[in-house]
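Here is a short note on the structure shown below. The points are numbered so that they can be checked one by one.

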Amino acid sequence: ISKPGWANRVARANLSDLRQADGLFAIVNGMPPDEGVMVELGIAIALGKPTFLFRDDFRKCTDSDQYPLNLMIFMGIPFHSWNDYFYRSMDEIENKNKAIYTWLRN
């Protein structure tokens, strides 16, 4: 049996880790994406952390023809180059023209 308050301790540890992180690579698969990941993404955006999104799920979670997810999820990535921060396959992670490659090299 779990001790009372375990979920709060886990959440607070997660928040502490997010504060210390240099950035966030969020897997946003699902319909809708996982609620915990969405909270983590919101916190990272609020803290000004660089965010990168990965979605290889074929399902659309929006009415937009351009964006495959709720538009608020894209708030943490640059407006004009959002595609550089959005990954649709594992192969794209190795792409030297995408944002995470440049960010990790710096």
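1. Is Arg 55 buried or exposed? Arg 55 counts as buried, at 3% relative accessibility. Buried is used here for under 20% relative accessible area, exposed for over 50%, and partly exposed for values in between, with a 1.4 Å probe and protein chains only.

2. On the basis of the values: this is a predicted model, in which local features need pLDDT of at least 70 and side-chain atom pairs count only at pLDDT 80 or more, while totals for chains, interfaces and linings use all residues. Residues are numbered from 1 along each chain as its sequence is written, and side-chain values use heavy atoms, with hydrogens and water left out.

3. Overall layout. The protein has four helices and three strands, in the order α-β-α-β-β-α-α along the sequence. Helices (H or I, at least four residues) and strands (E, at least two) are DSSP runs, numbered from the N terminus. The C-alpha trace spans about 45 × 35 × 25 Å along its principal axes. Of the 106 residues, 26% count as buried. Taking contacts (heavy atoms within 4.5 Å) between residues at least 6 apart in sequence, 57% join residues at least 24 apart.

4. Salt bridges. The term covers a side-chain nitrogen of Lys or Arg within 4 Å of a carboxyl oxygen of Asp or Glu. A search of the whole structure finds three of them. Asp 57 pairs with Arg 55, with the closest N and O atoms 3.7 Å apart. Asp 57 also takes part in a salt bridge with Arg 59, where the corresponding separation is 2.7 Å. Asp 57 is buried, with a relative accessible area of 16%, and Arg 59 is partly exposed, at 36%. The remaining pair is Lys 98 and Glu 92, at 3.6 Å from N to O. Lys 98 counts as buried at 7% relative accessibility, whereas Glu 92 is partly exposed at 22%. Through shared partners, Arg 55, Asp 57 and Arg 59 are joined into one network.

5. Helix α2, geometry and ends. This helix covers residues 35-46, twelve in number, and reaches 17 Å from its first C-alpha to its last. That is close to the 16 Å expected at 1.5 Å a residue, where the expected span is 1.5 Å times one less than the number of residues. After α2 comes Gly 48, whose phi is positive, near 75 degrees.

6. Helix α2, faces. Which residues of α2 are buried? They are Val 37, Leu 41 and Ala 44. Seen down the helix axis, the buried residues of α2 fall within an arc of 65 degrees, so they line one face; the arc is that of the directions from the helix axis to the C-beta atoms. They pack against β1 (24-27) and β2 (51-54). The face turned away from the buried side carries the exposed residues Glu 35, Val 39 and Ala 46.

7. Nonpolar cores. A nonpolar core is a set of buried Ala, Val, Leu, Ile, Met, Phe, Trp, Tyr and Cys residues joined through side-chain atoms within 4.5 Å. The largest has 15 residues, and those with the most contacts inside it are Ala 26, Leu 53 and Phe 74. The elements giving two or more residues to this core are β1 and α2, and α2 gives the most, with three. Neighbours within four places in sequence aside, Phe 74 is in contact with Leu 53, Tyr 67, Pro 68, Leu 69, Trp 82 and Phe 86. A second, separate core of five residues includes Phe 52, Phe 54, Tyr 87 and Ala 99.

8. Ile 27. This residue lies in strand β1 and is partly exposed, with a relative accessible area of 49%. Leaving aside neighbours within four places in sequence, Ile 27 is in contact with Val 37 and Phe 54.
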